[in-house]
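This report covers one protein chain, shown below.

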Amino acid sequence: MQPIFARGNSRTLQRLKALRQAAQTDRAARVALRLQAVMLSVQGLTTGQIAAALQVDRTRAHAWIGAWNEHGDEGLLEGHRSGRPAQLSASQREQLADILDSGPVATA
């Protein structure tokens, strides 16, 4: 695996620090971790050192830095997660939304 480092300078570090703080505030821990990895790379740490410091696999750190170099901030954001397919039909979801929007109803 070829060594890879994030492209950036001291101004980039300041921006990454602000983005990481915002991600932590938004409770986006995975995004904050990726931003931390990129910050460490800009500071000159190798992917092995970053992986050890953040307790992640070296290939993950390498992928995050590659995504940063190729796509910038967008490369570190959460992608679409398919999850379990919905079991409600579109009309059932609409009906459920109407029920939730109406709020609690007093019963006598």
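## Contacts and overall form

The model is predicted. Among contacts in the chain with a separation of 6 or more, 60% join residues 24 or more positions apart.

The radius of gyration of the chain is 20 Å, whereas a compact globule of 108 residues would have one near 13 Å. Along the principal axes, the C-alpha atoms fill a box of roughly 65 × 30 × 25 Å. Of the 108 residues, 27% count as buried.

## Secondary structure

The chain has five helices and zero strands. Read from the N terminus, the order of elements is α-α-α-α-α.

## Helix α3 against helix α4

Helix α3 spans residues 47–54 and helix α4 spans residues 58–71. Their axes come within 8 Å and cross at roughly 115°. Angles of 65 to 115 degrees count as roughly perpendicular, and α3 and α4 are therefore roughly perpendicular to each other. The crossing of this pair is right-handed.

On the α3 side, the contact is made by Thr-47, Gly-48, Ile-50 and Ala-51. On the α4 side, Arg-58, Ala-61, His-62 and Ile-65 take part. By class, the residues of the contact of α3 with α4 are four nonpolar, three polar and one charged.

## Helix α2 against helix α4

Helix α2, residues 29–42, also has an axis that crosses that of α4. The two axes come within 9 Å, at an angle of roughly 80°. The pair α2 and α4 is therefore roughly perpendicular.

Leu-33, Arg-34, Ala-37, Val-38 and Ser-41 of α2 make this contact with Trp-64, Ile-65 and Trp-68 of α4. The contact of α2 with α4 divides into six nonpolar residues, one polar and one charged. Ile-65 of α4 is listed in the contact with α3 and in the contact with α2.

## The loop between α4 and α5

Gln-87 lies in the loop between α4 and α5, the latter covering residues 90–102. Is Gln-87 buried or exposed? Its relative accessibility is 68%, and the cut-off for exposed is over 50%, so Gln-87 counts as exposed.

How far apart are Gln-87 and Asn-69 in sequence and in space? The two residues are 18 residues apart in sequence, and their C-alpha atoms are 39 Å apart in space.

How values were computed:
Residues are numbered from 1 along each chain as its sequence is written. This is a predicted model: local features need pLDDT of at least 70, side-chain atom pairs count only at pLDDT 80 or more; totals for chains, interfaces and linings use all residues. Side-chain values use heavy atoms; hydrogens and water are left out. Axes are lines fitted to C-alpha atoms, for helices over the stretch in contact, and angles run from 0 to 180 degrees between N-to-C directions. Helices (H or I, at least four residues) and strands (E, at least two) are DSSP runs, numbered from the N terminus. Angles under 35 degrees count as roughly parallel, over 145 as roughly antiparallel, 65 to 115 as roughly perpendicular and the rest as oblique. A crossing is left-handed if the near helix is turned anticlockwise from the far one by less than a right angle, and right-handed if clockwise. Contact means heavy atoms within 4.5 Å. Ala, Val, Leu, Ile, Met, Phe, Trp, Tyr, Cys and Pro count as nonpolar, Asp, Glu, Lys and Arg as charged, and the others, Gly among them, as polar. The radius of gyration is taken over C-alpha atoms; the globule rule is 2.2 Å times the number of residues to the power 0.38. Buried means under 20% relative accessible area, exposed over 50%, partly exposed in between (1.4 Å probe, protein chains only).
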